[in-house]
Amino acid sequence: MTQYMDFEKPLAEIEGKAEELRALARANEEADLTDEAAALDAKAAQLLIDLYKDLTPWRKCQVARHPERPHCRDYIDALFTEYTPLAGDRNFADDLAVMGGLARFNDQPVMVIGHEKGSNTKARIAHNFGMARPEGYRKAIRLMEMAGRFGLPVVTLVDTAGAYPGKGAEERGQSEAIARSTEMCLKIGVPLISIIIGEGGSGGAVAFATANRVAMLEHSVYSVISPEGCASILWKDAEKMREAAEALRLTAQNLKELAVVDKIIPEPLGGAHRNAEAAFEAVRGALADMLAELDGKDAAALIKDRRQKFLDIGSKGLAA
């Protein structure tokens with residue numbers, strides 16, 4: 001059953017009525033309600049187009065956080081073969097908010113790493129809602145080092161509200177772990193591609209997304225802080241999250257204009273959660289293209305281009 005967001009309530013009513021008519025028709029074979037249900041379906045389809053043709057930044061945040069949106073594990077299962085998970089940071093523990101391992105993409109060996117939020121209540125608690133602790137970032141560092149040693153491209157799938165801010169995480173060096181992960185992204189001599197599949201929150205996302213190529217799904221968001229957090233700090237009122245979302249310029253379209261990201265990956269109408277297979281195929285094509293762009297570049301060129309990309313962000317954005 002589809003979970004509807006606040007702004008989709010009119011759509012929920014129409015689709016609900018259409019389903020009621022179909023249920024009545026199934027229960028009573030003499031009732032011919034096909035035309036009425038088809039008319040409602042057509043009305044719902046047009047309304048869906050109207051709702052999604054010009055989403056506000058806050059509505060994009062809602063879509064990016066949709067509980068049925070495909071997560072890291074879904075993309076790994078759909079896009080990669082021979083996935084072999086690797087666990088632990090060899091120091092403290094295995095953080096389930098970060099998953100990663102060896103895999104093949106179109107038969108090419110790669111290292112894939114990502115944030116996993118979980119798809120139900122039990123899984124979300126186990127994966128800490130995708131908010132990594134220091135051991136999660138240290139696991140990612142270990143996997144990136146391994147990829148560099150064996151010359152494997154690294155693919156990161158970013159979907160996190162931010163790094164976990166708990167007391168234990170801070171005691172174990174959360175900020176240092178994030179900084180080290182970002183440093184590792186900058187210095188490995190293999191292609192590094194990052195795709196923001198949902199939320200890209202703060203340093204917790206940057207630690208995986210300091211890449212040669214950064215792509216965002218059409219309705220994903222990427223920001224230094226959540227709109228609610230920004231509103232609480234600036235206006236002392238979390239309810240001003242809509243204004244904060246506008247000011248943060250956190251949408252894929254905003255960030256492409258500012259040269260923060262390189263590519264926007266289109267989503268199926270209504271968001272990736274409405275047609276996961278179409279979203280997977282769009283990501284597959286974009287990832288193949290980005291890997292091809294980086295193929296053949298030596299380690300020195302990859303490192304230089306990656307560093308320069310981030311040094312140029314401010315000037316390119318202002319120039320635009």
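Helices here are DSSP runs of H or I with at least four residues, strands are runs of E with at least two, and both are numbered from the N terminus. With that in hand, take Val-260, which sits in the loop between helix H12 (252–257) and strand S8 (263–265). What you are looking at is a predicted model, where local features need pLDDT of at least 70 and side-chain atom pairs count only at pLDDT 80 or more, while totals for chains, interfaces and linings use all residues. Residues are numbered from 1 along each chain as its sequence is written, and side-chain values use heavy atoms, with hydrogens and water left out.

Back to Val-260. Contact means heavy atoms within 4.5 Å, and leaving aside neighbours within four places in sequence, Val-260 is in contact with Val-214, Tyr-222, Leu-255, Lys-309 and Ile-313. Take Ile-313 from that list: Val-260 and Ile-313 are 53 residues apart in sequence, yet their C-alpha atoms are 6.1 Å apart in space.

Now step back to the whole chain. The protein chain has 15 helices and 8 strands, and its C-alpha atoms fill a box of roughly 70 × 50 × 40 Å along the principal axes. The radius of gyration, taken over C-alpha atoms, can be held against a globule rule of 2.2 Å times the number of residues to the power 0.38. For 320 residues a compact globule would come out near 20 Å, and the protein chain agrees with its 21 Å.

The chain is also split into domains, with bounds that come from an automatic or database domain assignment. That assignment gives domain 1 (6–54) and domain 2 (61–312). Their C-alpha centres lie 36 Å apart, and the contact between them takes 8 residues from each domain.

How much area is buried between domain 1 and domain 2? Counting buried area as the accessible area (1.4 Å probe) that two parts lose on being put together, summed over both, the answer is about 640 Å², with carbon and sulfur atoms giving 60%. On the domain 1 side, Phe-7, Leu-48 and Tyr-52 supply 66% of the area buried against domain 2, more than any other three residues.

Salt bridges come next: a side-chain nitrogen of Lys or Arg within 4 Å of a carboxyl oxygen of Asp or Glu. The count between domain 1 and domain 2 is 1. Glu-15 forms a salt bridge with Arg-274, and their closest N and O atoms are 3.4 Å apart. Helix H1 (9–27) and helix H2 (34–52) are the elements giving two or more residues to the side of domain 1 that touches domain 2, and H2 has the largest share, 3 residues.

By this rule the count comes to 20 salt bridges. One of them joins Glu-267 and Arg-69, at 2.6 Å from N to O. This pair links distant parts of the chain, 198 residues apart: Glu-267 is in the loop between S8 and helix H13 (276–294), and Arg-69 is in the loop between helix H3 (57–64) and helix H4 (72–79).
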